[in-house]
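Trainee: Could we go through this model together, beginning with the terms and then turning to the contacts?

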Amino acid sequence: MIWFIALALLAGVLVGLSRQINGRLAMSTSAMESSFWNHIVGLGFITVTALLWGGLFAGEPLASPWWAYLGGPIGVIFIAAGSWLIPRIGAAQTALLIIAGQMISGVLLDIIMGAPGSPVARAVGVALILAGMYVAQPTKHKT
Amino acid sequence: MHAGMSDTAHVPRLFHFAAAFGAGGLLTLMILFNGTLAVHGSLFFASWVPHLTGTIAALILLMLLRPKRASTTRPPVWTYLGGVSGGVTVMLTSATVNTALALSGTIALGLAGQILFSLFADIRGLFGLPKRMPEGRDYLSLTLIISGSLILIFFGSTA
């Protein structure tokens, strides 16, 4: 169990690591170029791993609806946004605000799709996140 | 740049704020779309497809927008390897999601790892990014956003 906990933590660390490295690349190139390299290098890595491991096309890969293929282009904007933000507002602010956006949009999506869940917990969770964003929000500069 | 730069460098401006929050919304859509691919195909396929279509989309956007390079000198080779880290992440999460940790534990621990790393990265200015010392308000905002997220992850849905 302790190993799985360590692996799950490591997965989060790697998300931050990847954003930090992509942000550094964007500082020398551009956010969009950084996103391009992130995708093509990741594609090469996954292709090699999947070929060694096997099972890339297992199951019924073509059974997915067409819109499921939109994750790639959306990811390009997502990675470019992270690479653009991280040198400007820092790694922690970038991570926290992305998490806030992910959590609140996740609740909205759950409500739209009629996913079961406690309305009270949702309201409290969203309220705490909004309060956290309020605390972090831009302040009027004192001169 | 204005005089208050050193005071405000770590405080996101409204546009940065909106961009990061919007990016979080995009992440929710990505998880929905890529997760749908994983329902029918393998976990490799669900990561391979978005990387392939993303590479093509990024190439088209680069050709259309032709963004200016910030520097004429080439950055070090390791700066191109961010995508490897992303690829490993997919494999780790798929390894832990089916254990006793389940999806909620995997997400919660992932958030913890991400936040701890990003605080450390800011304090040390890791990989040549600007150094930033988090202040009291940063920790308050962090505590509120993470507690809200944990409530949503563990109690907001019955998944």
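Mentor: Two residues are in contact if their C-beta atoms, placed from the backbone, lie within 7 Å. The model is predicted, so local features need pLDDT of at least 70 and side-chain atom pairs count only at pLDDT 80 or more, while totals for chains, interfaces and linings use all residues. Residues are numbered from 1 along each chain as its sequence is written, with chains lettered from A and ligands numbered from 1 in the order in which they are written.

Trainee: How many residues of chain B are in contact with chain A?

Mentor: The contacts between the two chains involve 107 residues of chain A, and in chain B the number is likewise 107.

Trainee: Which helix gives the most to that side of chain B?

Mentor: Helices here are DSSP runs (H or I, at least four residues; strands are E, at least two), numbered from the N terminus. Those supplying at least two residues each include α3 (43-65) and α6 (136-155) of chain B. The most, 21 residues, comes from α2(B).

Trainee: Which residues of chain B does Leu96(A) touch?

Mentor: Leaving aside residues up to four places away in sequence, Leu96(A) touches Ala136(A) and, in chain B, Ser141(B), Leu142(B) and Ile145(B).
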